[in-house]
Structure formats: C-alpha cells, structure tokens
Amino acid sequence: MDDTEVITVKLSELLRHPEDLDKISSLKAEFSRKKAALDAQLKSGLKQQLQVTEAGLQVISQGERSITAIKEEMMKIEKLCMEAQNMIQEFPLINKISKIHRNFVAVEDMKSGLQGLDEKLSTVDRMLREDYGEDIMNPMPRLLPVHHQITQIQDFRVDALHQSESLDADLRATLESYFSPLANTVETFDERIGIITMNMIELVRAGNVGLVVRLAKIIDAEERSDEKVLALQAAQSSYQELASRFKSIQTGPKVARGYKEKWLACIKAAAGAKFEGVSERFTEDPDGLFDSLQWYFNDLQTVKDYFPQLMPPKWKIFETYLNIYHTLMHDFLKSLVEQPELDGGSLLKVILWNSEYTQQMKGLGVKAKDLKPQLLDGKEEELVKEYLSLIVNSMEKWINKITEDDTRDFINRPQTLEYDENKNAGMPGAVTMFQMINQQIEVALDSNKGSVVVGVVDECVRLLKDRQQKWQKVMEDEIDNYCANSEEAIEGILEYTIAVANDQVKCANYTESTSAKVTPLLSRKFSEQTAAALDSAIDGYIATAEACIERCVDIIFHDLKPAFSALFTQSWYGGDQMFNITATIRSYLLDPCEQMLNADLFGGLVESLSERTLQSYLNAARNKGAKLHIAEACEQIRSDVLVGYQFFIEFLPLEQVKGTWSVLEHFMGLISEPKEGLYSKYEAFKEAYWDLNPAWVEQVVRIREDGSREMVNIIKRQEPYAPSGKPTLMRKVK
C-alpha cells in the first residue's frame with residue numbers, strides 16, 4: 001500500500017460522517033500539536049544518540065590502544081624468553097624436565113581427584129539435603145559451601161575430559177562414567193537456585209535477606225567466572241600462535257555456565273507466572289484488572305527499597321527488574337488486545353490501565369514514557385477508536401434489534417402497546433434502548449477521558465438519528481399503504497402512530513436528562529461537543545414527533561375525503577358537511593387521541609387538524625362539479641366557519657383559532673368581489689399569505705358563477721409571489 005492509499009484510508013476513518021467535516025480544524029490543530037511534539041522528541045533522541053555514539057567511539061579507540069599496548073608487551077616477553085633460552089646452554093633439557101614434572105604433578109592431581117570424587121559428591125548431596133525445607137525463613141546456610149564444592153568438581157571434570165581427548169573412546173567413556181553422578185547433583189543445585197530466585201521478593205518481605213545475599217554472591221561469582229572464560233576464549237582465538245607459547249594460558253577450555261542468564265530467566269518466569277494468573281482472572285472479571293495487577297508495583301517497590309543493598313551495584317538491580325517487568329507488561333497487554341473475543345468494555349479497561357500505569361510509575365520515580373517498548377506500542381488512539389467501533393457495533397446490533405421489533409409491531413399491530421402512568425401509549429423498546437445507551441456512557445465516564453465520552457456520545461447520537469429516520473420511513477410507507485387500501489389494512493394504525501409520537505417525546509426527555517448528567521462532568525471543550533451532539537438528537541426527536549402528528553392528521557382526514565369532496569357542489573348548499581367533518585374529528589380527538597397522546601403533543605395535533613381542515617376546505621375548489629353562487633356560497637361559508645370556529649375553540653385558545661380561520665375572509669373576498677375590485681382583493685390575500693398559489697386563485701375565479709376569462713387574466717397578469725418569511729397554511733393549497 002503506497003502513501004496515498006494510507007492517507008486515504010486514514011482520512012476515511014477520521015471523516016466517516018458528514019458532520020465530521022466540522023472537526024477538520026480541530027483535527028488539523030491536533031495533528032499539528034502531535035507533529036511538534038514528535039519533532040521535539042526526534043530532536044532530543046537524535047542529540048542523545050549522537051552523544052552515545054561519540055562516547056562509544058571514544059571507548060573503541062581506547063580499547064584499540066589498550067590491545068596494541070598488550071600486544072607490544074607480549075612481544076617483549078617473547079623476545080626476553082628467546083634471549084633467555086640462548087643464554088642457558090642446557091635450556092632444552094631443563095625445559096623437558098620441567099614438562100615431565102608438570103605432567104607428573106598433573107597425573108597425581110588427577111588420580112587424587114578421581115579417588116576423592118565420590119566422597120565429595122556425597123558430601124555435597126548431604127549438605128543439599130540438610131538445607132532442604134519449604135519454610136520461607138529457611139536460611140540454607142550451606143548454600144555457599146555447596147556451590148564452592150560443585151564449582152571445583154565441575155572445573156575438575158572439564159580439565160579431566162580435556163586431557164583425555166587423545167585417549168581411545170573406551171577410556172573416555174570410562175572416565176565420563178566416573179562423573180555421571182555429578183549431573184544429578186548439579187541439577188538439584190540448579191533447581192534450588194531457580195526456586196530461590198523465583199521467590200526472592202517474598203524472601204525479602206519475610207526478612208530472609210541472608211539467603212538472598214548468598215544467592216547474589218553465587219550469581220556474582222559465576223558471572224565473573226564466565227567473564228574470565230569468555231575473555232580467555234577471545235584471547236586464544238585472536239592470538240592463537242602467541243598463546244601457544246605461554247603455558248599459563250593453555251589450561252583446559254573452561255565452559256561458561258551462564259548462571260546469570262538463567263537467574264534472569266527465572267526472574268522473568270516468576271513474573272510471567274503472575275501475569276498468566278492475571279490473564280485468567282481478566283477473562284472472568286475484566287473490571288478487576290487494576291486490582292489483579294497491584295502486585296506488579298508492589299514487587300518493584302520492594303526491589304527498589306531493599307535489593308540494591310543486597311546485590312552488586314553493577315547489576316543496577318532495580319533497572320534490571322523494571323526492564324523485565326515492563327517488557328512482560330507490554331507483552332501481556334498486547335496479548336489481551338489481540339484476543340479476538342475481546343469486548344468493548346474489556347478493551348476500555350486495557351486502555352485505561354495505560355493511564356493508571358503511568359500514574360503508578362510516578363510513585364516509583366519512573367517516567368513511563370521513557371520506558372521501551374511503549375506500553376501499548378503508541379497505539380492508544382487506535383485502541384480508543386477500536387473500542388468505539390466495538391461499542392458501536394454492539395449498540396448497533398441492540399438498537400437495530402429493538403427497532404426491528406418495534407417496527408414489526410407497528411406494521412402487524414398485535415395490540416401490544418405499553419402505557420405509562422399518564423395512560424399515554426408507547427412502544428416497548430424506547431426504555432430498554434436508553435438503558436443500554438446510559439450504561440455505555442457511564443462506562444465511558446469512568447474512563448476519565450473526555451475524548452472517549454465524546455466518541456461514545458457521537459456514535460450514540462448517530463444511531464439514534466438512524467432510528468429516527470427508520471421510523472419516519474416505516475410510518476410513511478405504512479400510512480401511505482393504509483390510505484391507499486384502508487378496507488384491507490390492519491386496524492390500529494392511528495393508535496400505533498400516537499405511540500410512536502409519544503416515544504419521540506419520551507426519548508427527547510431521556511436525551512435531555514443524559515445531557516444534564518454528563519456535560520457537567522466534562523471539561524468545557526468536551527462538554528460543549530457533547531451538549532451539541534445531544535441537542536441535535538433532541539431536535540431530531542422533535543422533528544420526528546411533528547412528523548408523527550402530521551401522519552395522524554393524514555389518517556383522520558383519510559376518513560373525511562367523502563365529506564370534503566361534496567364541498568362547493570350542489571349538495572353543499574344548505575348541507576351539513578362541516579358539522580359532519582367536525583363531528584368526525586371530535587370522535588378521533590376524544591378516542592383515542594386525548595386518552596393516549598402526550599398532552600404536549602395533543603395541542604399540536606389539534607392545531608394541525610385546524611390548519612388541515614382549512615387547507616382541505618380551500619382545496620375543495622377543485623372538486624368535480626364545484627360552482628360558487630356568490631350570495632348562497634358566502635352564506636354557506638359563514639355557516640361552515642361558525643361550526644368550525646365553535647368546535648376548535650373547545651381545544652385551542654380563541655385568538656389562535658380566530659387568527660387561523662381568518663383566511664376564509666380572504667377566500668370570501670375572492671368569491672364576492674366584483675371584477676373591478678378583484679385585483680385589490682387578490683393583492684390583500686397575497687400580502688397576508690405570501691405563498692398563495694395563483695393557480696388556485698384562478699380556479700376559484702373560474703368556478704364563480706360570474707367567472708370569465710377576463711377575470712382569470714387579471715390574476716394571470718400579476719407577478720408571481722416571492723418568498724417572505726415562514727410558510728403559511730396556504731402552502732398546501734394548490
């Protein structure tokens with residue numbers, strides 16, 4: 001993947017939604033800060049690296065000078081030896097006798113060593129048995145003598161096998177059989193060393209520091225022995241010809257036993273076993289991660305307080321432990337986040353542990369940022385995004401399931417509505433949905449990270465808006481289907497639409513309550529972002545509730561189509577269509593609307609019914625057979641106004657009804673005004689209702705009993721209306 005593709009993928013992750021474009025400036029500022037911080041770190045790191053490199057070059061130069069000086073001194077010694085040989089006439093004979101003597105002494109030492117081998121091994125085994133005990137306070141006083149004896153026997157074995165290299169295979173096998181019991185003894189000793197090492201911290205806490213000191217002496221002695229062996233091997237390898245002339249460096253090839261490395265491996269194994277226990281407990285109880293890892297800091301505190309005075313300073317024992325423990329912590333957390341079944345809550349605990357780790361390290365005088373590798377490999381932001389993704393995926397599944405159940409009930413209408421203490425109807429999923437949302441937000445709040453809270457809230461709001469859109473789509477499809485084929489439709493469509501409307505109010509209240517609880521707990525920056533996101537969700541609920549009310553009006557007016565289709569026709573004159581219309585609306589308002597609908601929404605429903613009544617009334621001008629006999633039409637309209645007016649003031653304020661129904665005065669003006677004054681009436685109507693449709697006005701003029709082409713042309717010659725303020729009720733009169 002090239003740089004362009006990488007950048008494209010990164011941008012797609014950051015800008016997943018249209019509203020993310022508003023974050024570009026903040027993202028740019030954030031990346032600028034990160035770049036500046038990274039540049040500063042690189043500059044500091046480069047400076048330190050240059051200093052280290054310069055110091056290393058100086059050490060190398062000094063080492064080269066020392067090697068050259070040693071080589072020169074050895075050349076001088078060789079020259080003196082050669083001169084001494086020439087000065088002594090019988091030097092070859094003396095040298096030969098010296099070799100014979102050395103060989104004789106070596107044979108005697110070998111014989112003595114082999115004869116006493118079994119006794120020495122028995123003594124060592126006895127001391128090991130006498131020191132054995134599981135009591136943590138057991139001082140094991142014979143540990144150092146045992147080590148001394150085993151070291152001597154091991155060195156003797158190496159020398160013996162080296163000197164037997166020229167012997168035949170049978171003799172070498174016989175010699176090796178003499179030393180075979182040594183393997184069991186060394187294995188027992190090494191096991192004892194390993195057990196002590198893995199329990200050093202517990203031994204120090206129990207006060208058994210003497211045993212730890214003995215162990216440190218053994219490891220120190222072995223380390224120095226290995227250094228000598230490695231140095232000797234390096235010298236023999238580099239100056240083989242020169243070394244062959246000096247018998248003092250031709251002893252048997254000593255073997256580095258690597259006790260220091262084994263000791264460090266045991267320390268790592270002891271801590272690793274503790275991490276395995278934490279991993280098992282984490283699977284069962286992720287919330288207990290912090291408590292399960294408290295031993296980590298307790299161990300390091302014990303090491304820092306007590307170990308430096310018990311061990312050689314060159315070991316830098318606290319730094320050694322810190323590096324081992326930190327590496328294990330890094331690997332442990334990496335294994336957790338790589339678990340395929342890790343859920344969002346568990347991942348959040350791991351992310352939060354990073355901050356807790358940094359804080360705890362300060363108590364030990366350690367800057368966590370200076371430790372390598374970085375605890376989460378510098379991927380904390382990526383893990384936060386992964387956490388949000390896991391949370392979103394889970395919540396999306398939950399909310400989609402709830403929405404599917406609710407919308408299925410809306411379509412099938414099985415009469416499973418729920419009712420609150422005010423007997424307002426509602427769908428069963430809203431309460432459950434917000435319980436889940438609040439749980440996730442509370443978990444995010446526990447993180448003490450404003451960015452995490454904002455991320456969770458943003459995703460919750462996105463899911464809530466998706467649900468709002470789904471409801472509007474389902475209502476639109478189902479109610480349109482009902483209006484197209486009401487005779488075969490399932491009953492209860494109005495009741496369920498009321499329930500959905502009530503849910504929008506309930507959800508808006510839940511969202512407002514969540515905002516009031518969350519925003520005070522955040523910094524100003526994150527508080528404003530959270531409040532804005534939740535406010536947008538509330539606006540969406542209000543819009544969806546208004547859409548529900550409009551659809552309720554559609555359902556009611558579907559039953560009123562026959563009554564409105566008779567308006568302005570011959571049967572309208574002297575008829576009671578308006579009385580039938582208001583009676584039908586009254587029956588719907590009393591049952592189920594007033595009983596089941598939220599009180600705040602009920603007023604809006606009545607207001608919408610009032611406007612829709614007028615809009616349908618005015619649209620009746622396009623009814624088939626419509627004809628306006630001026631005197632009779634005005635009288636009938638006044639009668640209709642009186643009926644409608646008296647009905648709606650039962651539910652709405654007088655002034656509000658008066659202001660809404662005044663549109664019929666303009667309507668009667670278009671009907672009754674003579675041709676000469678028609679233009680002024682039209683202008684007055686348009687001034688009061690800027691979105692008055694000229695085509696509708698033309699239709700009204702056409703169905704006047706005195707309507708003529710000249711009167712229609714008066715309207716056509718007028719300039720079309722220009723938008724001026726909010727839409728009026730005439731927006732739906734076509």
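The entries below cover cavities, then cores.

Basis. I worked from a predicted model, in which local features need pLDDT of at least 70 and side-chain atom pairs count only at pLDDT 80 or more, while totals for chains, interfaces and linings use all residues. Residues are numbered from 1 along each chain as its sequence is written, and side-chain values use heavy atoms, with hydrogens and water left out.

Cavities. I took a cavity as a set of points, on a 1 Å grid over the protein atoms alone, where a 1.4 Å probe fits but cannot get out; lining residues have an atom within 4 Å of a point. Points are joined across faces, edges and corners, and volume is the space filled by probe spheres set on them. I found three cavities of 30 Å³ or more.

Lining. Helices are DSSP runs (H or I, at least four residues), numbered from the N terminus. I noted at least two lining residues of the largest cavity from each of α7 (180-198), α8 (200-206), α11 (259-284) and α14 (317-337). α11 supplies the largest share, four residues.

Cores. I defined a nonpolar core as buried Ala, Val, Leu, Ile, Met, Phe, Trp, Tyr and Cys residues joined through side-chain atoms within 4.5 Å, buried being under 20% relative accessible area with a 1.4 Å probe, protein chains only. The largest core has 102 residues; Tyr296, Met311 and Tyr321 are among those with the most contacts inside it. α14 gives this core the most, 12 residues. Another core, of 84 residues including Met475 and Ile555, lies apart from it.

Definitions and conventions
1 Å grid on protein atoms, 1.4 Å probe; cavity = no way out; pocket = protein on both sides within 12 Å on 5 of 7 lines; lining within 4 Å. Buried < 20%, exposed > 50% of the residue type's maximum accessible area, 1.4 Å probe, protein only.
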